Amino acid sequence: MVQHCAIELTMTAGTPQPAGKEPRLRKSRRGFLGLAVLLGGGVAAARWFNLGAEISNNSLSVSDAHDKALSGQIALIDIRRPDEWARTGIGASALPLDMRDPEFSDVLLAHVDNDLGASIALICARGVRSRGLAKRLTSTGFTHIIDVPEGMLGSGAGPGWIKAGLPVTHP
């Protein structure tokens, strides 16, 4: 008959401890780092998807922007990149004008007959770039820049142009 001797081990921070002995607690930087990465990723995702966006006094829903652009009350400018226009289309009532274009301001001014007071609504994918560009254009002398925070793909402000079923054209 063979007898087995069993020793119970407890793992603490990768180091085996005999049963009955109080394990020594060690703080792990990996746990804090993992939590920070997770939280940082959540913040980045919230910014990317513009989860905090809402329709306010100086903004329009996608359907209002479309209606006002069709009636000539605003100039609706799609400020995304050409690859984005190709992927999703452009709002049927919008002028595609890449915000990275060095001639952006000149083309925009020409489109509104050099009227710095013209009502200009900006739309991008999720309202992040349009919000930033609206602030920048206002600081350079434009007086009636409007943000469309839903964007083409949706944000915290609403479902976006595409999910709202508004018409698009393809470049």
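These legends walk through several close-up views of the structure.

This is a predicted model, in which local features need pLDDT of at least 70 and side-chain atom pairs count only at pLDDT 80 or more, while totals for chains, interfaces and linings use all residues. Residues are numbered from 1 along each chain as its sequence is written, and side-chain values use heavy atoms, with hydrogens and water left out.

**View 1. Here is an open, parallel sheet of 4 strands.**
The strands run in the order S5-S3-S6-S7. At the edges sit S5 (94-96) and S7 (145-147), each pairing on one side only. Going from one strand to the next, the twist averages 30 degrees (axes are lines fitted to C-alpha atoms, for helices over the stretch in contact, and angles run from 0 to 180 degrees between N-to-C directions). S6 (residues 120-123) pairs with S7 over 3 bridges, and isoleucine 120 has isoleucine 145 as its bridge partner in S7. Two strands pair if DSSP finds at least two bridges between them; helices (H or I, at least four residues) and strands (E, at least two) are DSSP runs, numbered from the N terminus.

**View 2. Helix H2 (residues 62-70) has buried residues on one side.**
Val62, Ala65, His66 and Ala69 are buried, where buried means under 20% relative accessible area, exposed over 50% and partly exposed in between (1.4 Å probe, protein chains only). They sit on the same side of H2 because they cover an arc of only 100 degrees around the axis, the arc being that of the directions from the helix axis to the C-beta atoms. An α-helix has 3.6 residues a turn, so residues three or four places apart point the same way. Their cover includes strand S3 (75-78), S6 and helix H6 (160-163). After H2 comes glycine 72, with a positive phi near 85 degrees.

**View 3. Now for the largest nonpolar core, with its 17 residues.**
A nonpolar core is a set of buried Ala, Val, Leu, Ile, Met, Phe, Trp, Tyr and Cys residues joined through side-chain atoms within 4.5 Å. Ile77, Ile79, Phe104, Leu108, Ile120, Leu122 and Leu137 touch the most other members. S3, helix H4 (104-111), S6 and helix H5 (128-139) each give two or more residues, and H5 gives the most, with 3. Leaving out residues up to four places away in sequence, leucine 137 touches Phe104, Ser105, Leu108, Leu122, Phe142 and Ile145 (contact means heavy atoms within 4.5 Å). A second, separate core of 16 residues includes Ala65, Ala69, Ile146 and Val148.

**View 4. Arginine 80 is a loop residue, found between S3 and helix H3 (82-88).**
Arginine 80 counts as buried because its relative accessibility is 1%. Its side chain makes a polar contact of 2.8 Å with the side chain of threonine 88; such a contact is a pair of N or O atoms within 3.5 Å, and within protein one must be able to donate a hydrogen and the other to accept it, with residues adjacent in sequence counting only if both atoms are side-chain atoms. A polar atom of the arginine 80 side chain also lies 2.8 Å from the backbone oxygen of glycine 89.

**View 5. Serine 130, in helix H5, meets aspartate 147.**
Serine 130 is buried, with a relative accessible area of 0%. The side chains of serine 130 and aspartate 147 are joined by a polar contact of 2.4 Å. These two residues are 17 residues apart along the chain, with their C-alpha atoms separated by 6.0 Å.
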